[in-house]
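Take a look at the chain below.

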Amino acid sequence: MLRPVLILVGLVAIFGWLLPQFIDYEEVWDALARLDGWEIVALLGLALVRIPSEALLYRGLLPGLSLWRGSAAYLSSNLAGQLGPPPTPSLIQYGYFRGGGFDADAAGLAAFGTFLFPTVGRFLLPVVAVFVVLIAGELTGTVVLAGALSLVITTVMGTVAYVILRTESSARWLGAKGQRPLSKILVRFKRRPITDGPNRAAALRTRARAVLIEGWKLGTVAVALNLFLTYLILLASLRFVGVPSHELSVAAAFAAFAIAFWAGAVIPITGSGLGVVDAVLVTMLVELSTASDELLVAAAVLWRFSYSVIILPLGAITLARYRRTR
């Protein structure tokens, strides 16, 4: 229970103490109160359309999985991911896949893939964002700095992934080299040290290769579609609260979105990136836009509500049903 408490304290510190030093929350709520009914319906529609895109990824990893069961697995795991760190969502998805009649190996690989594909997509987002703003002619020092930092870390992670995937011997070598430093970090957080690093790295390579070979086509399409819909929710939120294109362009909004989601993958405090993504998103929007800070915060709040909060009641229903019928 300590982790949810720390997350709550962090959110209160950011949104309850830090942001009020710079913005007027009364103006934020006024911007949200001016939303029209059709704007709320449009955001609700985007949020609901995004659910099957998650289920499409699951189906790519488990041919034969129904979109209905995949959607229920996403809703339940999304609810758990708001407070639990990775791999909490994957564990719940594994239970759904096993309940759908798939054997343990197939369900385990699919649950691993539901974490792997979105994570890879989020790591690549800043690279795509740099190209987008470059083509749009809106490359700024802030985007260059954030993009360069993310590119360096993404390159390091990509190199590690390449070494793991190249051969089993290279994976075992990396597991042996990383065993001691990772164990020191785990011990500091009162976790058990790693005693079989080479074997774990070899097992990780086997799972990753199986997932990538079996589901890379549909998985890539599903992740790209899901991220695009998530970005559309942010763009719609910005326009609905009154941030026009001349104050924040489509390309700049995408850059802010990409860097925020990348930060959520690098610092996975929760499965949904709650807190980290929101703080980075607000920071980047304020940095890249000439609109008032209050409107930008209102857009970020509206995006978070439409992206994850609005579907939490559906997740509560599916998770309660899963617990009764498991």
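The paragraphs below go from the whole chain to a single residue.

This is a predicted model. Start with the secondary structure. The chain has 13 helices and zero strands.

Now consider the overall form. How does the radius of gyration compare with that of a compact globule? With 326 residues, a compact globule would have a value near 20 Å, and the chain has 20 Å, so the two agree. The C-alpha atoms fill a box of roughly 55 × 45 × 40 Å along the principal axes.

Next, look at how the chain packs. Among contacts with a separation of 6 or more, 73% join residues 24 or more positions apart. Of the 326 residues, 45% count as buried.

The chain exposes about 16900 Å². Carbon and sulfur atoms supply 69% of that area.

Finally, zoom in on one residue. T114 sits in helix α6, which covers residues 104-136. Is T114 buried or exposed? Its relative accessibility is 9%, and buried means under 20%, so T114 counts as buried. What surrounds T114? Leaving aside neighbours within four places in sequence, T114 is in contact with L57, Y58, L61, S90, Q93 and F97. The side chain of T114 also has a polar atom 2.7 Å from the backbone oxygen of A111.

Definitions and conventions. Residues are numbered from 1 along each chain as its sequence is written. This is a predicted model: local features need pLDDT of at least 70, side-chain atom pairs count only at pLDDT 80 or more; totals for chains, interfaces and linings use all residues. Side-chain values use heavy atoms; hydrogens and water are left out. Helices (H or I, at least four residues) and strands (E, at least two) are DSSP runs, numbered from the N terminus. The radius of gyration is taken over C-alpha atoms; the globule rule is 2.2 Å times the number of residues to the power 0.38. Buried means under 20% relative accessible area, exposed over 50%, partly exposed in between (1.4 Å probe, protein chains only). Contact means heavy atoms within 4.5 Å. Accessible areas come from the Shrake-Rupley method with a 1.4 Å probe; for residues, only the protein chains shown count as cover. A polar contact is a pair of N or O atoms within 3.5 Å; within protein, one must be able to donate a hydrogen and the other to accept it, and residues adjacent in sequence count only if both atoms are side-chain atoms.
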